[in-house]
Amino acid sequence: NSSDLSPSSFILASIPGLEAAHFWMAILLCSVYILAVTGNCMVLFIVKTEPSLHAPMYFFLCMLAAIDLALSTSTVPRTLSFYWFNTREISFSACLVQMFLIHTLSAIESTVLLAMAVDRYVAICHPLRHAAILTNSATVKIGLVAMARGVLFFLPLPLLLLPLPFCSSRTLSHSFCLHQDVMNLACANTTPSVVYGLTAILLVMGLDAILICLSYILILKAVLRLALWKERLKVFSTCVAHICVVLAFYVPLIGLSVVHRFGKDLAPLVHIIMGNTYILVPAVLNPIIYGVSTRKMQRRILNFIHINND
């Protein structure tokens with residue numbers, strides 16, 4: 001029988017010809033993961049212990065840090081187990097749970113990035129109303145809405161795959177589970193899953209990207225109304241970190257989507273690199289970007305390092 005209504009497991013992707021290098025690839029991946037965990041934990045610790053950072057901008061940064069920790073932890077340890085111990089199989093249920101976490105956490109991160117763009121818009125275009133609009137309670141509500149939005153939009157993805165029959169080929173394109181990757185292995189009509197998955201991505205990530213661009217168009221108009229170039233640069237410099245974080249999230253996301261849609265004939269190495277880039281690049285870069293560009297964060301990090309060295 002070439003299909004099974006409930007496959008026991010899927011096979012994680014390997015790179016043909018590079019099996020002997022798995023140990024060293026795992027060392028590299030583990031080093032990047034440790035860097036991501038350390039950086040995001042430091043962000044959470046610094047914001048928690050520094051009262052001057054108890055503001056919406058830094059609370060949103062903490063949300064990003066927590067999301068990146070959860071996203072990388074839901075995938076990297078399993079990948080390391082594959083590389084170090086050659087445990088290539090992942091159970092069907094574990095695969096669906098991992099898929100749900102990856103897509104849901106990505107949706108939550110997209111919503112938080114939109115909230116940060118709105119924060120920058122209000123701070124620059126309506127500075128006198130900023131404290132009244134983006135209060136601490138409003139920030140918490142935004143975080144809860146982001147979670148609910150991610151769960152509600154992406155919970156149907158594994159549920160739509162659950163009843164499908166799967167072919168005898170159970171090898172994935174990545175070292176973790178993504179919706180389109182799993183869906184392509186089904187031996188049935190996947191049109192409802194395709195339509196819903198595309199709709200969910202467009203209504204969450206696509207809509208968020210449009211609204212973020214709109215926020216920056218309005219910000220740019222407000223900045224250009226300032227008389228002096230020094231004032232324009234000073235005001236717009238407060239947005240640089242957020243723009244970099246948005247690019248670090250959306251560029252790998254778009255790249256991975258393009259590889260899935262049009263890169264079926266590409267080498268397996270390309271799929272694996274794009275997948276790991278999508279998972280790890282935002283987690284590594286976000287703490288670095290805000291740590292370098294934010295003076296308050298710089299001072300607190302330097303004080304923390306100085307105290308530990310003493």
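Which cysteine does a disulfide join to Cys95? In this model the partner is Cys177, with an S to S distance of 2.0 Å; a disulfide here is a pair of cysteine sulfur atoms within 2.5 Å.

Colleagues, the model is predicted, so local features need pLDDT of at least 70 and side-chain atom pairs count only at pLDDT 80 or more, while totals for chains, interfaces and linings use all residues. Residues are numbered from 1 along each chain as its sequence is written, and side-chain values use heavy atoms, with hydrogens and water left out.

By the distance rule, the count is one disulfide. The link of Cys95 and Cys177 is left-handed, at -120 degrees about the S-S bond. It connects distant parts of the chain, 82 residues apart: Cys95 belongs to helix 4 (residues 92–125), whereas Cys177 sits in the loop between strand 4 (166–167) and helix 8 (179–183). Helices (H or I, at least four residues) and strands (E, at least two) are DSSP runs, numbered from the N terminus.

Both Cys95 and Cys177 are buried, meaning under 20% relative accessible area, with exposed over 50% and partly exposed in between (1.4 Å probe, protein chains only).

Cys41 is in no disulfide, and the nearest cysteine sulfur, that of Cys62, is 11 Å away. Cys41 is partly exposed, at 38% relative accessible area. As for Cys244, the closest cysteine sulfur, in Cys239, is 11 Å from its own, too far for a bond. Cys244 is also partly exposed, at 33%.

For residues 269–292, the corresponding distance is 32 Å, with 100% helix and 0% strand.
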